[in-house]
Every structure is written in C-alpha cells, then in structure tokens.
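Visitor: I would like to learn how to read the packing of helices and the nonpolar core in a model. Could you take me through this one step by step?

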Amino acid sequence: MSTVTNKQVILRDYVSGFPKESDFDITTTTVELKLPEGSNSLLVKNLYLSCDPYMRSRMGKPAASGIAQAYTPGKPVLGFGVSRVVESTHPDYKEGDLMWGIVGWEEYSVVTPIPDMHFKIQNTDVPLSYYTGLLGMPGMTAYAGFYEVCSPKKGETVYVSAASGAVGQLVGQFAKMMGCYVVGSAGSKEKVDLLKNKFGFDDAFNYKEEQDLTAALKRCFPKGIDIYFENVGGKMLDAVLLNMNTHGRIAVCGMISQYNLENHEGVHNLSTIIYKRIRIQGFAVFDYYDKYSKFLEFVIPCIKEGKIAYMEDVAEGLEKGPEALVGLFHGKNVGKQVVVIARE
C-alpha cells in the first residue's frame, strides 16, 4: 500500500478574538508512504497531540512581535506531538523509533528533524502521552521556569496562577519538593480541590469567586510572595505586584487572560518593581533544551517513585482536536489537554 488517507485539522483563516471550532476544518487527503531518497526526513504516524495556550498566538495574522511563526490558513495546524517513525531517510532515526516534537495536526506527517524541536524518545516505560506534557515541552517549561528563572530557596512563598494546567500543576509540585509554601489559583471548585488534594498545594483559591484579587492574595500570603510563576497576566499581575516581597522574582511564562483580547489590559502597579527591587523575567522554553537530559534524570525517578502527581484531560480522535484546543481558552480542560489520534 503506497498511499494512505490522511485526516487533517486545517486552520480556515486568521483568528481574531476567542478561537471557535468553526475556525477549523477537518479534511482528508492522501500521503505517500515512501520518502524521496536522500531527503533527510521522516514519515511519522502521529499518536498524541498537545493542546497548548501558546498556539493561540500562532492563529493570528503574522506579527513582528510573535514568538512563534503564524500558522498558514488552509494548511494543517502545527503543534507538539508524539509520533512513531514509519519510514526514515535520516541517519539518527529508523523505522519504529518514537519521537516527540513539532508535527502537523494530521494522522501522518513528513518531518525534517530539527535539534531542540524534535527529540527521540528513549524512555518508553512511562505512558507515551506524557511526552506531550510532563516529559515534553510543558514539563521542561515548568522545570526551567522554576529552577532556572525563579532561583528558589527553601522556605520561600510561591504563587502559581493557572495552577491546574499542564505547567502550573508541575511548578507547584517542584516548589513543594524544595520546601516552599505554595498557593495556586484556578477557575473552578473542582480545580481548586485538585490543587489541594492531588497536587499537594498548601492552599488554593478560585479567582472567579474573588471580588478583590489583592485582598485574596493578602489572605493567602500574609507575609508576602517571594516567587510568582506568571501564566495569566492582566488584573492578576497587578494584584500580585502589590503583594510581592522585596527582592521577589516573577517568571513570566504566559498571559492567557490577554491572548484573545484585541486591546491588551494595562498593568498599573509597576512602580512597586522599583522600591521592592522585583525581578521580572520572561522566558521561552527553547532557550533551555540543552538541559533536557538533566530534566529527564530528575523527573523520571520522581514519576516512578510516585513523587509527582500528573493529570491529563484526554480527547479521543483527531476530529475532537478543535473542540479540545478551543476549550483551553474557556478553562474547560482539567489537567493537561491531550488529543489521542492512535495509541499505537
């Protein structure tokens, strides 16, 4: 069989405001199961796809400030996935190898492996889907952001926003391992309960039920915040600045409250940065992939010893991809959002 059908999720047009399921089409094309000689590429069967908030920034018109290249309307959405090599003309990969990295939202992709974009999977005694999250880009984001950017010390106070998501749930647990006092916020009672009962946070609150975020943070951190792991932006960042301690650190991972706004909200309490000597640092995970093997050496034993709790929200089938992705921006996912195309 030299050609097979290939179902794809296509972006219809550039998106403004909140993405909708109607912004995507499910189409079926065909793919050749043979690669051109000397193409230095891989034909992969995609097994698991990762839904990540940063993907929203790729749906809009190309912007000079964009960290990631814009998607091309009429072409498949691109994102992190876990795949099995069907055919290889690349010296580092052979048929049957497993990899994680950037692929199309489709059943089969042709990929030219790029360092720090594609990684061969060596540890297969953990669930493969974990490479979309805990052992993939979100896990590495949590690890680099917390240990490298935040410079944490035992006994410090740590606040994590969007704390039940793929990155936040891990940051909180890394902070607890360091002996920090950790509080998270999320958008539902179910998520708050998870933070306290499954992920081991010292406290958590539902930001949607708080009239005054500054007061909520003061209640949770009567002695102030040493480290803020920022996933939200906007009003939350403003409230945090008033509660930060002197020489506090803020690692800016994301600002999901702003991604779908035409006009981004301003931040008003910036002067506190001066007299509290606060360090605010944005970071991008691909600056830290040289530490990926060190990260695996740290985190895989933690998984096997039951020291890390991890939760996935699984959507079955590629056709469920648009709904799963759009749901991220309405807080519908509970844990790391994964789309399963095939388990083998």
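Visitor: Which residues in α1 meet residues in α7?

Guide: Contact means heavy atoms within 4.5 Å, and helices are DSSP runs of H or I with at least four residues, while strands are runs of E with at least two, numbered from the N terminus. In this predicted model, Gly-139, Met-140, Tyr-143, Tyr-147 and Glu-148 in α1 meet Tyr-292, Lys-294, Phe-295 and Phe-298 in α7. The residues of this contact of α1 with α7 divide into six nonpolar, one polar and two charged, where Ala, Val, Leu, Ile, Met, Phe, Trp, Tyr, Cys and Pro count as nonpolar, Asp, Glu, Lys and Arg as charged, and the others, Gly among them, as polar.

Guide: Before we go on, residues are numbered from 1 along each chain as its sequence is written. Local features need pLDDT of at least 70 and side-chain atom pairs count only at pLDDT 80 or more, whereas totals for chains, interfaces and linings use all residues, and side-chain values use heavy atoms, with hydrogens and water left out.

Visitor: At what angle do helix α1 and helix α7 pack?

Guide: Two packed helices are described by the angle between their axes and the distance between the axes. The axes are lines fitted to C-alpha atoms, for helices over the stretch in contact, and angles run from 0 to 180 degrees between N-to-C directions. Helix α1 (residues 137–149) and helix α7 (residues 292–304) pack at about 95 degrees, with their axes 11 Å apart, and α1 and α7 are therefore roughly perpendicular to each other (under 35 degrees counts as roughly parallel, over 145 as roughly antiparallel, 65 to 115 as roughly perpendicular and the rest as oblique).

Visitor: Which residues touch the most other members of the largest nonpolar core?

Guide: A nonpolar core is a set of buried Ala, Val, Leu, Ile, Met, Phe, Trp, Tyr and Cys residues joined through side-chain atoms within 4.5 Å; buried means under 20% relative accessible area, exposed over 50%, and partly exposed in between, with a 1.4 Å probe and protein chains only. Of the 61 residues in the largest core, Trp-100, Leu-134, Leu-135, Phe-146 and Phe-174 touch the most other members. Leaving aside residues up to four places away in sequence, Leu-135 touches several residues, including Trp-100, Tyr-292 and Phe-295. A second, separate core of 27 residues includes Leu-11, Met-55, Tyr-93 and Phe-329.

Visitor: Where does Ser-151 lie?

Guide: Ser-151 is in the loop between α1 and β8 (157–160), and has a positive phi of about 45 degrees although it is not a glycine. At 34% relative accessibility, Ser-151 counts as partly exposed.
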